[in-house]
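I opened my notebook to record what I could look up in one structure.

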Amino acid sequence: MKPKLLSFTRFSDQLLPHEGYYIARIQAFQDSENQQIIRQLVGYATDPDVCISFDEQIDKRKYSRIKNWVKQKLDAIDVDLQYEWITKMEQQIMMDGITPQEENKLLRTIRNYDQPAYYFMKLYELAQHYQQFLLVRMRHKAHQEVHAFILKHRASYQRSKDIYEQLHQATVDITNQYSLSNTESNQWEDWLKEIFWDDSVDGLNRYYAFIRLTFMHLNYRQFDKLVEIFQEIERLFQQGLCYSKRIMLNYYSNRLILHSKIGELDKATYYGYLSIRQRNADFFHYVNNLCGVLLRQKKAGEALALMDRVKAEIKEISSSHTKVLYSALYIRCLIQNYQPEQAQKYAERFLRGYREEIFAQRWQTFFTSYFHALIVQEKYETLVKIAGLQKLFYKEKQARLSQGYSPVLAWYIELARFKEGRITEKQFLAGLRETMTDHTIDPLKWERLCLTLDEMMPCAPAIIQKFKDELSLMSTH
């Protein structure tokens, strides 16, 4: 690739599929070479299998103009840029620093407002501040325009605020169902759908309703309903609504989760790599999701390389949930890359440094990975000792009451106790049976349980095979 097209090629590498769909929808170029550039640019963004070689015979100034045009069109619909502008205007008004040019832009925005903006509530509050600014300066004509806007949209503003507050309570129930399994959240479904599908609702509340519906349908494994709302949000994206790169990356991560849940791992990986195209506050969460899929695909080397690239940064993040999950996945990566000793050492260091965070967030996930590293090395005595020191026998039995319970940690503990001669074969099998609950019957969980039993098989072949046969029989009823 000649240097003259290097900048444009890098630009095309960062263009997201739904940005490409939107550009294809609004472009109206008549020049054949411009049409060719747009067609290739969109094709490269929307089809992962397309290999594009941009025509170097076309005047490079056309590539530059197309690049600037695309950026301009995307910036015009970028809700994050709109938020930045509103916030900047608010600061300038409150500090008496707004310029005549910015005032003209603000007045045009208020004058031409004709649909629910994504950040409508912020825009309305900005208009309220501006109204005060104008009034004390005797700017009566501009004040009348702004005052008319405030009166016209007062009811819509109050409705948006009420919806926003109600969304908070829905979020409490939905997240408690996921993390604590102590509540139900399906009572919110009809209301959330009503908000999401209502074109008169501001974009922020609609998107928040979409996120909560996504979370709820994942909790209940209602994947058909999830596909339905994804189709609707795609329609909004293609119309240029609810768009920013941040929102797109979040959407792609949610697509990863959906496809991984239904076993479409190639699609999950595709969306996972899209979700980490750029860095934001959720970047490490998206990395975790992608690496989990890569491990299921037996792409442990690829996953480890990705996790090693962010290893130094993970210590600095504030989310304990993300940090602990990263550690568990990293241990699994090392094990699958035939480095169980390094996995054990990493787990020991992490436990010493972040014990409080581990027990606050996903302790079962962490210790399952840690104990797997010990099982692989046949360090059964060490495993039993740690389980005792950390009081995992009691904690694990209490966890069986939760909806998202997985018995793998209990299996590792029972296996180690058996191999150490602390329980008999009969007690070992009884202990395995005791862990089985109605919560372990979904297909994805069955897949993981069967893989775990296959890994445990060499340690106690007869007992594990008998138990596996019982599980197979259970899964058919």
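These entries go from the whole chain down to single residues.

**Entry 1: the whole chain**

I noted before anything else that the model is predicted. I looked up the secondary structure and found 25 helices and zero strands in the protein chain. I then checked the extent of the protein chain. Along the principal axes, its C-alpha atoms fill a box of roughly 90 × 55 × 45 Å. How many of the 477 residues count as buried? I found 50%. I also looked at contacts between residues at least 6 apart in sequence. Of these, 67% join residues at least 24 apart.

**Entry 2: α11 and α12**

I turned to helix α11, residues 203-219, and helix α12, residues 223-238. Their axes are 9 Å apart, and the packing angle is about 160°. Angles over 145 degrees count as roughly antiparallel, so α11 and α12 are roughly antiparallel to each other. I noted their crossing as left-handed. Which residues make the contact? From α11 I listed R206, Y207, F210, L213, T214, H217 and L218. From α12 I listed F223, K225, L226, I229, F230, E232, I233, L236 and F237. I sorted the residues of this contact by class: eleven are nonpolar, two polar and three charged.

**Entry 3: α21 and α22**

Next I looked up helix α21 (residues 392-399) and helix α22 (residues 408-419). They pack at an angle of about 140°, and their axes are 10 Å apart. That angle makes α21 oblique to α22. The crossing of α21 and α22 is left-handed. L392, F393 and E396 of α21 make the contact with L409, A410, I413 and R417 of α22. By class, I wrote down five nonpolar, no polar and two charged residues for the contact of α21 with α22.

I checked the length of α15 against what its residue count predicts. At 1.5 Å a residue, its 14 residues should span 20 Å. The C-alpha atoms at its ends are 20 Å apart, so the two values agree. Is α15 mostly covered or mostly open? I found it mostly covered, with 13 of its 14 residues buried.

After α15 comes K298, with a positive phi. I placed K298 in the loop between α15 (283-296) and α16 (300-314). Most residues other than glycine have a negative phi, so I wrote this one down. The phi of K298 is near 65°. K298 has a relative accessible area of 60%, which means that K298 is exposed.

**Entry 4: Y338**

I found another positive phi at Y338, about 60°, although Y338 is not a glycine. Where is Y338? Y338 lies in the loop between α17 (320-336) and α18 (340-360). Is Y338 buried or exposed? Its relative accessible area is 77%, so Y338 is exposed.

**Entry 5: Y330**

What does Y330 touch, leaving aside its neighbours within four places in sequence? I listed L304, M307, D308, K311 and Y346. I also looked up the distance from Y330 to I276. The two are 54 residues apart in sequence. In space they are 18 Å apart, C-alpha to C-alpha.

Note on methods:
Residues numbered from 1 in each chain as written. Predicted model: local features only at pLDDT ≥ 70, side-chain atom pairs only at ≥ 80, totals over all residues. Heavy atoms only, no water. Axes fitted to C-alpha atoms, helices over the stretch in contact; angles between N-to-C directions. Helix = DSSP H or I, 4+ residues; strand = E, 2+ residues; numbered from the N terminus. Parallel < 35°, antiparallel > 145°, perpendicular 65-115°, else oblique. Left-handed = near helix turned anticlockwise from the far one by under 90°. Contact = heavy atoms within 4.5 Å. Nonpolar A, V, L, I, M, F, W, Y, C, P; charged D, E, K, R; others polar. Buried < 20%, exposed > 50% of the residue type's maximum accessible area, 1.4 Å probe, protein only. Expected span 1.5 Å × (residues − 1).
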